[in-house]
Amino acid sequence: MINFDETKACRKCLLPEPFTRLNEDHVCGECMNYRPPVLKGMAALKEEFESKEKKGDYDCMVGISGGRDSMYALYVAKKLLNLKVLAFNYNNEFVHVQAIANMRDACKNLGVDFISVVSKRNICHKIVADQLRIASSFGPRALCASLCGPCNVGGFLSAKKLSLQKKIPIIIFGNSDEERLSDFLKIGKRIPFKQKITNKSAPFFIRAQCNKLLQRMEFFSSFKETMNFCFTAGNEDPGSQQISVTKILSIYNYIKWDRLKIVNAIEKELGWRKPENRVS
């Protein structure tokens, strides 16, 4: 059990030390440095597509998960911008059945093509299971260093592979720069390699590395990416990467995130539903 000491937490957001540094007024650096985002606007979003030459059958690909933010991104691309859209989902093997239904219904109601990709080897399940076992030896800070990697890497590589195959000029994700943590808050504990292979969890570590290689081979797009085992912030966050001939856009850098507006639109026009007995 973790004991929360209010005297060592930010008085505005409650982020505690050692995950941040507090000033004399007990305010963390994140709150001190926060500035409201300046949105680029719908006109700028439209210009992104006007400046791109269409070489394939689609104007853009929208990454969807079945959640409200990505569903609204799909709605904007098709209904508001009137684009020829390919909806894409990377099934990370942890997808709720309602999310699957949401994606299917939304694409049907909008009349957009839909492709969902899933590992043939249940690769995310295997990697995450082994990383949980590794964390039992090294603690939760070792886990947060790489737990999200399998889903993010698989999602990015499979999206990149499809966009290159289909000659899609732009990929839209339902996120924003606001969602990214600063480097200081990414306190993942990197364990020295020697400790990993001499610890009791060494078999799990070795198996996880083998499965990471298999994941990259399954969604192969380049030799360099296949041999990259470092799940750093730079290569596990799709929003921080670019593809040579495909531009990646975070839609909420352009338009305001408004929960009520988003939910109203996708419920009424896309048939979106939240899971039963859940707040969100």
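How many residues does helix α7 have, and how far does it reach from its first C-alpha to its last? Helix α7 (residues 149-166) has 18 residues and reaches 25 Å, close to the 26 Å expected at 1.5 Å a residue; the expected span is 1.5 Å times one less than the number of residues. This is a predicted model, in which local features need pLDDT of at least 70 and side-chain atom pairs count only at pLDDT 80 or more, while totals for chains, interfaces and linings use all residues. Residues are numbered from 1 along each chain as its sequence is written, and side-chain values use heavy atoms, with hydrogens and water left out.

Helix α7 is mostly covered, with 13 of its 18 residues buried (buried means under 20% relative accessible area, exposed over 50%, partly exposed in between, with a 1.4 Å probe and protein chains only). Zooming out, the protein has 12 helices and five strands (DSSP runs numbered from the N terminus: helices are H or I with at least four residues, strands are E with at least two). Of its 280 residues, 43% count as buried.

Now for the sheet. Five strands form an open sheet in the order β3-β2-β1-β4-β5, with parallel pairing (two strands pair if DSSP finds at least two bridges between them). β3 (113-118) and β5 (247-250) stand at the edges with a single partner strand each, so one side of each is left without a neighbour in the sheet. Further in, two bridges join β1 (residues 60-63) to β4 (residues 170-173), and Met61 has Ile171 in β4 as its bridge partner.

The structure also holds seven salt bridges (a side-chain nitrogen of Lys or Arg within 4 Å of a carboxyl oxygen of Asp or Glu). One of them joins Lys247 and Glu48 at 2.9 Å, N to O. Lys247 lies in strand β5 and Glu48 in helix α2 (residues 42-50), so the pair ties together parts that are 199 residues apart in sequence. Lys247 is partly exposed at 30% relative accessibility, whereas Glu48 is buried at 14%.

Asp130 is buried too, with a relative accessible area of 1%. Its side chain meets that of Arg133 in a salt bridge (2.9 Å, N to O); both sit in helix α5 (residues 123-138), three residues apart, which means about one helical turn between them. Asp130 also meets Arg207 (2.8 Å, N to O). That pair links distant parts of the chain, with Arg207 in helix α9 (residues 202-218), 77 residues from Asp130. Through shared partners, salt bridges join Asp130, Arg133 and Arg207 into one network.
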